[in-house]
Amino acid sequence: MGNCLGMLSGGRPRDTAASYQNLNQAEGTTETDGPAPADELPKVLIFPDKAMPCGHGNSCYRYKKNLYCRYSHQETSLTKFLDYLRRAKGFVDVCVFNITCDQIANVLLELHARTCRGKREVKVRIVSDKNQAENDDHSQISHLREAGIPVRLGGGKEFIVRNRTILSLMHHKFAVVDKTLLINGSFNWTYGGVVRNNENVVITNNKVEVDAFSAEFEKIWNGLKRDERAPTGCC
């Protein structure tokens, strides 16, 4: 299984500032403040994309030479998805089964780094599935936790079904941005979710839906133990 473009050898996320500056140049987007205007929502994103976005953007050698590049230099569902995450001004609460797509992980690290660098504060919290985080070699959860992002892991309760032990899953796939924007759908935050699977994401600022998912996040977060292995300081 491959990861999204943007990883350094050894599995570490590349420098997000340079990578996403190039990506924004390639897609013609810039960082924006706050959720999209009401007339743009709800927004529906459909996956799979035909290709991952090129992490080199317009500086891509092959793109500049008008040669074939197997990565996308056009706007995709993933680039739109990332743009909505980047709009965060204060809070991003993420509740997902797993994160293996490094471009998504890099945006979360980018948001968290604003707080560490004394810029506008964005508090990122993540709830994910315990089994996935601890046993999937491609999971980015450990990198996010090591960077100082608070992480709590759910699922893993044992149930006996037909004489077999089945583990419960923390199977949500949603994020709440600034308590005013909901990003939710079947979309797994994985490489397969981006380029292989039939997936969907609905982005809305409907208050009833945002409040319901925000309450669900808080209920799960408060019901889980704090990860004692998490760093106490910023990245």
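In the predicted model, strands β8 (residues 181–185) and β9 (residues 199–204) run antiparallel and are joined by four bridges. Within this pairing, L182 has T204 of β9 as its bridge partner. Both strands belong to an open sheet of seven strands, ordered β1-β9-β8-β7-β2-β3-β4, in which the pairing is mixed. The edges of the sheet are formed by β1 (43–47) and β4 (151–154), each of which pairs on one side only. From one strand to the next, the twist averages 10°. The chain as a whole contains eight helices and nine strands. Of its 235 residues, 49% count as buried. Among contacts with a separation of 6 or more, 74% are between residues 24 or more positions apart.

Two of the helices that lie across the sheet are α3 and α8. Helix α3 (residues 77–86) lies across β1, β2 (91–96), β7 (173–177), β8 and β9, and runs at about 135° to β1. Helix α8 (residues 207–223) lies across β2, β3 (123–129), β4, β7, β8 and β9, at about 70° to β3. The 17 residues of α8 should span 24 Å at 1.5 Å a residue, and this agrees with the 24 Å between its end C-alpha atoms. Buried positions in α8 are V210, S214, F217, I220 and W221. Because these residues cover an arc of only 130° around the axis, they fall on the same side of α8. They pack against β2, β3, β4, β7, β8 and β9. The face turned away from this buried side carries the exposed residues V208, K219, N222 and G223.

In soluble globular proteins, nonpolar side chains tend to be buried together. The largest nonpolar core here has 41 residues, of which F81 and W189 touch the most other members. Helix α4 (residues 102–116) gives the most to this core, contributing six residues. Another core, of 10 residues, lies apart from it and includes C95, V127, L182 and F217. Beyond its neighbours within four places in sequence, W189 is in contact with F81, L85, V94, V96, N98, I99, T100, C101, I104, L108 and A175.

The loop between β8 and α7 (191–195) holds F187. This residue counts as buried because its relative accessibility is 1%, against a cut-off of under 20%. With neighbours within four places in sequence left aside, F187 is in contact with F47, F81, I104, K173, G193, V194, E199, N200 and V201. The C-alpha atoms of F187 and N198 are 8.3 Å apart, while the two residues are 11 apart in sequence.

Several backbone features occur in loops. A cis peptide bond with omega of about 0° joins L41 and P42, and P42 is located in the loop between α1 (16–27) and β1. A cis peptide bond also joins F47 and P48, with omega of about 15°; P48 is in the loop between β1 and α2 (61–64). In the loop between β7 and β8 lie D178 and K179. Phi is positive in D178, near 55°, and in K179, near 60°; neither residue is glycine. D178 counts as buried at 15% relative accessibility, whereas K179, with a relative accessible area of 39%, is partly exposed.

Methods: Residues numbered from 1 in each chain as written. Predicted model: local features only at pLDDT ≥ 70, side-chain atom pairs only at ≥ 80, totals over all residues. Heavy atoms only, no water. Pairing = 2+ DSSP bridges. Axes fitted to C-alpha atoms, helices over the stretch in contact; angles between N-to-C directions. Contact = heavy atoms within 4.5 Å. Core = buried A, V, L, I, M, F, W, Y, C linked by side-chain atoms within 4.5 Å. Buried < 20%, exposed > 50% of the residue type's maximum accessible area, 1.4 Å probe, protein only. Expected span 1.5 Å × (residues − 1). Arc of directions from axis to C-beta.
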